[in-house]
Amino acid sequence: MTDATADAPKRRSLTETLELDTRLLGMVGAFLVLCLAFDIVTDGRFLTPRNIFNLTIQTVSVAIMATGMVFIIVCRHIDLSVGSILAVSSATMAMIQVEWLPQLLGLGHPLLWVAACLAGLLVGAAVGALHGWLVGFLAIPAFIVTLGGLLIWRNAGWYLTDGQTIGPLDPTFQIFGGANGTLGVFWSWVVGALAALAAAAAIWAARARKAKHGFAVKPLWAEAALTLLAAGAILAFVATLNAYDVPTGRLECLFEARGEVMPEGYSEGYGLPVSVLILIAVAVAMTVIARRTRFGRYVFATGGNPDAAELSGVDTKMLTVKIFALMGALCALSAIVASSRLTNHSNDIGTLDELRVIAAAVIGGTALSGGIGTIHGAILGALIMQSLQSGMAMVGVDSPLQNIVVGAVLVAAVFIDIVYRRRTGARS
Amino acid sequence: MTPLVEMRDISIAFGGVKAVDHVSVDLHAGEVVGLLGHNGAGKSTLIKCLSGAYRADSGSILIEGKEVQIENPRDARAHNIETIYQTLALADNLDAASNLFLGRELTTPLGFVDDDRMEAETRRIMARLNPNFAKFKEPVKALSGGQRQSVAIARAVYFNARILIMDEPTAALGPQETKMVAELIQELKRQGLGIFLISHDIHDVMALCDRVSVMKNGRLVGTERVADVTDDEILAMIILGKNPERA
Ligand SMILES: Nc1ncnc2c1ncn2[C@@H]1O[C@H](COP(=O)(O)OP(=O)(O)OP(=O)(O)O)[C@@H](O)[C@H]1O
Ligand SMILES: [Mg+2]
């Protein structure tokens, strides 16, 4: 127990001073290298506002589910059914807004999309809760329960729709899909500025809290640098999405619909898609849940040592129900985004998403042995996967080879992670 | 005087193995009762019925003369029973403060987990229990066996237990730390706690305990006042299952 030297002053590296997560830095670095490489190979077509916009909206659905998968995997479970839960939620929502409710309320009724969304979320959460109950209370392994769910729920969706494609979805509902629902330049700047302020406030509030308890805080310059970095990144992202102009033909249609004529030379940027706002809200909420609530603390404690959690009074069975229910609700949220992006529901929506979602969480640093994982890591993992896929498509790699590369990257990423953990583990 | 805890006629079997076989023990406030016996005698299993980790197949538990149902660890905590498990039961991936408050986190007025306050409290209690302890930020995986033990002890002591169960609390400790735990036990005893102490060190037990209960093969051999018996008589109880002869 002689460890009085642990707090002794020593020369600290830059990352230590900034208290940055070196693993996260490595991932961001890898991501940037990947983007630059694709940009060079495609003669600058990869890092255009247009492609970044598309990449962002393509990532949202998998990224939303990946945040829930972090909790599942941290708790030493797995969920193979997310793509199927997405499908059955999507089927429910499509049927409600296209077939069932319009007969009662009439097409275009403002309640259509609200009712559809609520019902979809309810279905997703209920299916997830059922899985969690089977895993937690009946002690059936999650692998088996959700493998069964993978087969069951997509086909339950098939029966709901008779296997038909249902659409077009309600126009208001389509706002959640991406290009059909963006904030426009002005409001994007407003949101961006607010987000930058919020990030800065969070950094400085954390510092004040630490100082109040007399704990060591970072040097002022380090705190200032982090604030600038965070605010800069947010504003740069907004600027990029604002720089992608809505195609002229589409603008003309919009003006026509309002009975006006488009002025000569008029242009307008897309700005932040609503779906991206949803992802950001999910990311913030899930991070707060993971770090600052009892529920999140118990998820990590249970993953670290299930017996210890149980003996400390954590109701691990109920916890299992809750994490799977949360996963199901997030699948339904992804279903809203995914189906409205396609403007209809087709029975194969979300096929193979379970693999993408698990891969995103794992590439993002979630350990299958449990107890370790971050929300932002999983989102970055989803972004890396999507960039890899669309980059290769842009370069003209044929799709079998794309899948081979993605598979190899997944295995390699986990191996690098293991080596990294062994190294840093040995040091402390 | 009614005992603080009475465990009456407790039995529990795993498959065919009668791990605890009709055992009765009791504990008064301000008293330390030692549980002795070979490896596999059933000591840990017996006290796990009190801490809520297991449910006894038969028998009853009384606290201050009132029969209680302890079905899970939460029930035990509700009766102010705290346990230091032989296996320590820490979440390796969390830091000392998160482990100390696991299941009873301090929260902000808005209901969020208050990590800073928990760390401050952890520093305070550690300064008392183990002044050398400094690894507050690391996950407890990175701690030595003794450091982990002090986290487990701090967790049991922090929440004002009335009944404390210590299953081999000094197994991983060096001589100096063992002495610290002995002093802690005496201080807690003065404060009026009742303590069940499981240990394989007869000298420790004889020095700290008021009474000892000896188990062998799941059965209770007997309970004796420490003042009335010699070390050798206790050894005979443990090894031969033989009660001391009275003149
Ligand atoms: N979960 C379990 N499942 C099956 N058998 C068990 C279980 N726990 C304990 N036993 C058995 O019950 C008996 C008593 O075990 P227990 O752990 O109570 O012994 P102990 O007196 O604490 O021993 P030690 O001094 O080694 O800690 C042993 O025969 C053991 O094999
Ligand atoms: Mg034992």
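## Ligand 1 and its shell

In this predicted model, an oxygen atom of ligand 1 lies 2.5 Å from a polar side-chain atom of T45(B). A polar side-chain atom of H200(B) is placed 2.9 Å from an oxygen atom of ligand 1, and a polar backbone atom of A41(B) is 3.2 Å from an oxygen atom of the ligand. A polar contact is a pair of N or O atoms within 3.5 Å; within protein, one atom must be able to donate a hydrogen and the other to accept it, and residues adjacent in sequence count only if both atoms are side-chain atoms. The protein buries 64% of the 630 Å² that ligand 1 exposes when taken alone; accessible areas come from the Shrake-Rupley method with a 1.4 Å probe, and for residues only the protein chains shown count as cover.

There are 14 residues around ligand 1, and N39(B), G40(B), K43(B), S44(B) and T45(B) come nearest. A residue belongs to this shell if one of its heavy atoms lies within 4 Å of the ligand. The shell divides into 4 nonpolar, 8 polar and 2 charged residues. In this division Ala, Val, Leu, Ile, Met, Phe, Trp, Tyr, Cys and Pro count as nonpolar, Asp, Glu, Lys and Arg as charged, and the others, Gly among them, as polar. Helix α1 (residues 43-51) of chain B gives the most to the shell, with 3 residues. Helices (H or I, at least four residues) and strands (E, at least two) are DSSP runs, numbered from the N terminus.

## The interface of chains A and B

Contact (heavy atoms within 4.5 Å) joins 38 residues of chain B to 31 residues of chain A. The area buried between the two chains is about 3,000 Å², of which carbon and sulfur atoms give 57%. Buried area is the accessible area (1.4 Å probe) that two parts lose on being put together, summed over both.

Across this interface the rule finds 4 salt bridges, each being a side-chain nitrogen of Lys or Arg within 4 Å of a carboxyl oxygen of Asp or Glu. D116(B) and R209(A) meet in a salt bridge through their side chains, at 2.9 Å from N to O. On the side of chain B that touches chain A, α2 (73-78), α4 (115-129) and α5 (145-158) of chain B are the elements that give two or more residues. Of these, α4(B) gives the most, with 7 residues. The residues of that side divide into 16 nonpolar, 10 polar and 12 charged.

## Local features of chain A

Over all chains, the count comes to 23 salt bridges. E223(A) and R207(A) form a salt bridge, with 2.7 Å from N to O. This pair links distant parts of the chain, 16 residues apart: E223(A) is in helix α8 (residues 220-242) and R207(A) in helix α7 (residues 184-212) of chain A.

The peptide bond from G167(A) to P168(A) is cis, with omega near -5 degrees. P168(A) is found in the loop between α6 (142-161) and α7 of chain A. T343(A), although not a glycine, has a positive phi of about 65 degrees; its place is in the loop between α13 (316-342) and α14 (353-363) of chain A.

## Basis of the values

Residues are numbered from 1 along each chain as its sequence is written, while chains are lettered from A and ligands numbered from 1 in the order in which they are written. In this predicted model local features need pLDDT of at least 70, side-chain atom pairs count only at pLDDT 80 or more, and totals for chains, interfaces and linings use all residues, while side-chain values use heavy atoms, with hydrogens and water left out.
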